[in-house]
Amino acid sequence: MGSEMQSVRSEKAGLNFAFREKLNSVAEGFRHNYCYQCGACVADCPAGNYSEVFNPRLILLKAILGFENELISAESEIWDCTNCYTCSERCPQDVRPIDVIIALKNICVRERKAPQFVGKVYESVMASGITTKMSSLVAKRREEFGLRPVKDVPVEELKKMIGLD
Amino acid sequence: MKYTPFFGCMMTTKYPQFEAAVRKSVTKVGMELVDVEGFSCCPDPIYFHASNKMDWYTVAARNLSLAEDVGHDIITTCSGCTATLSEVNLALREDSGLKDEVNKNLKKIGREFKGSINVRHAVTVLRDDFGLDKITETVIRPRGGLKVAVHYGCHLLKPSRVMRVDDPDRPTILENLLKAIGAEPIHHEKTLLCCGRACTTDSIPDQMVMDILENIQAHDADCMGLICPTCFDEFDVGQILLGRKYQKKFEIPIVYYFQLLAIAQGCDTGEVGLHLHKVSLDKLMEKVAA
Ligand code: SF4
Ligand code: SF4
């Protein structure tokens, strides 16, 4: 009944509440509901200051209006966020805009609409436990610096926890 | 006092000279490092985090639980590891529902996250558990007159709700740590700007990094000092790549704070790998080794 009412209202207002519900279901995604569009997150956003299009307030507005196609895409501006957390410092509503952006990215990945390299980092951690690769040159250097050799990560543990085993 | 170091992927597999510098320098100040086996990537606070937040919590919680077994606080030496491990540690402590959910995953490998230890960047531990005077006591070759342009990077300070290290808009921690070894910190207009590593449109990080480098040049600093291997990557090799791409000339040596600390304590520049940096440190070495 509640959700029926909501969908009637959302149709009238032209809002896409289905998308907002999807966002609510992802970790930290519900925070987008707190945004009252004050713009406090904008002025010190480095991605915003160095790009024509990036604006955390507008990303939040698109989330509120449910502009799913613009946000959930490999071409979306969300991929230009620097992850600096300045917006979280500024927001008076505890939206933590960066955390909403991460939630949007999580949806992109789940729906296979993220840039390719994003998945590669995840796959690398699941395959070897690390994001980088150990070279014989660095192994030798470690020895020269008197450092212990780097041991393999027990990746089967990671896979088991995540349910990839 | 005992601590478990978490060096992370970048430092262990790409910049072992930084790990060497940390080990040599912090032990002189009085930290005893207790290594723990089996850590994975923290995991990465940008793309792994962007892939799946629940998996991010889970993999980080496994790392935290390994350290909890030994019982000492974690010291991190990379801003990325600091971001992930501090945030996950706090999120799971604050939200028992989330903790239970993550612990269901950990239980499959016989582990549990308890929330019994803290995670702090090594510079924070130096300041808070030992103090600036204690650092100065270990210095035998003060870096008098060495002008170091400070680069904070994002995750020592932000989110401040999680990090609780300093005022994120007017921090002093790195300046004070530099003064403690006799160097002169240079705070320039872009000291707090991030390196832009996470952006997908190249022009954004390119402009950010060049802006930072140009500000440092304008202040006539001897080098840039930072505390994160990922920022280092962006400014050391990054500086050369940008110079080529935009036909600019940059020659700013980039140094990791613990290298400077170790040298001030008497280490050779070679022992902390200054010769391995892409931007030549020859001129700087003359100055610091004097
Ligand atoms: S974290 Fe926030 S302030 Fe930083 S680039 Fe992203 S949106 Fe902008
Ligand atoms: S500061 Fe917070 S409430 Fe204001 S526009 Fe940004 S996200 Fe919305």
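A residue is called buried when its relative accessible area is under 20%, exposed when that area is over 50%, and partly exposed in between. The model under discussion is a predicted one.

The buried residues in helix 7 of chain A are A:Pro97, A:Ile98, A:Asp99, A:Val100, A:Ile101, A:Ile102, A:Ala103, A:Leu104, A:Lys105, A:Asn106, A:Ile107 and A:Cys108. Because twelve of its 14 residues are buried, helix 7 of chain A is largely enclosed by the rest of the structure. Just after this helix, A:Arg112 takes a positive phi of about 55 degrees.

The loop between helix 6 and helix 7 of chain A holds A:Asp94. Although A:Asp94 is not a glycine, it has a positive phi of about 55 degrees. Its relative accessible area is 36%, and A:Asp94 is therefore partly exposed.

Rolling a probe the size of a water molecule over the atoms shows where empty space is left. The count comes to three cavities of 30 Å³ or more.

The largest cavity contains about 90 Å³ of space, and ligand 1 sits in it. Helix 3 (46-49), helix 6 (86-90) and helix 7 of chain A are the elements that give two or more residues to the shell around ligand 1. Of the 14 residues around this ligand, A:Cys45, A:Cys81, A:Thr82, A:Cys84 and A:Cys87 come nearest. The shell divides into eleven nonpolar, three polar and no charged residues. As for the cavity itself, 13 residues line it, and A:Cys45, A:Phe54, A:Cys81, A:Cys84 and A:Cys87 lie nearest its centre. Helix 3 and helix 6 of chain A each supply at least two residues of this lining. By class, the lining of the largest cavity has ten nonpolar, three polar and no charged residues.

Ligand 2 takes up the space of the second largest cavity, in which about 70 Å³ of space lies. There are 14 residues around ligand 2, and A:Cys35, A:Cys38, A:Gly39, A:Cys41 and A:Cys91 come nearest. Ten residues of the shell around ligand 2 are nonpolar, three are polar and one is charged. The second largest cavity is lined by 14 residues, with A:Cys35, A:Cys38, A:Cys41, A:Cys91 and A:Val95 nearest its centre. This lining divides into ten nonpolar, three polar and one charged.

About 730 Å³ of space lies in the largest pocket. Its lining consists of 33 residues, of which B:Met10, B:Asp44, B:Ile46, B:Arg197 and B:Thr230 lie nearest the centre. The elements that give two or more residues to this lining are helix 8 (116-128) of chain A together with helix 1 (8-13), helix 5 (79-94) and helix 12 (229-246) of chain B. By class, the lining of the largest pocket has 16 nonpolar, twelve polar and five charged residues.

The second largest pocket holds about 480 Å³ of space. It is lined by 25 residues, and those nearest its centre are A:Val150, A:Lys151, B:Thr12, B:Val36 and B:Phe39. Strand 1 (2-6), helix 1 and helix 2 (16-29) of chain B each supply at least two residues of the lining. Helix 1 of chain B gives the most, with four residues. The lining of the second largest pocket has twelve nonpolar, five polar and eight charged residues.

Chain B also has backbone features to note. A cis peptide bond joins B:Cys42 and B:Pro43, with omega about 5 degrees. B:Pro43 lies in the loop between strand 2 (32-33) and helix 3 (47-51) of chain B. Another cis peptide bond, with omega about -5 degrees, joins B:Lys158 and B:Pro159. The loop between strand 5 (147-150) and helix 9 (160-163) of chain B is the place of B:Pro159.

Finally, B:Asp220 lies in the loop between helix 11 (203-218) and strand 7 (223-226) of chain B. B:Asp220 has a positive phi of about 60 degrees although it is not a glycine. With a relative accessible area of 55%, B:Asp220 is exposed.

Note on methods: Residues numbered from 1 in each chain as written. Chains lettered and ligands numbered in written order. Predicted model: local features only at pLDDT ≥ 70, side-chain atom pairs only at ≥ 80, totals over all residues. Heavy atoms only, no water. Near = heavy atom within 4 Å. 1 Å grid on protein atoms, 1.4 Å probe; cavity = no way out; pocket = protein on both sides within 12 Å on 5 of 7 lines; lining within 4 Å. Sits in = over half its atoms within 2 Å of the grid points. Nonpolar A, V, L, I, M, F, W, Y, C, P; charged D, E, K, R; others polar. Buried < 20%, exposed > 50% of the residue type's maximum accessible area, 1.4 Å probe, protein only. Points joined across faces, edges and corners; volume = space filled by probe spheres on them.
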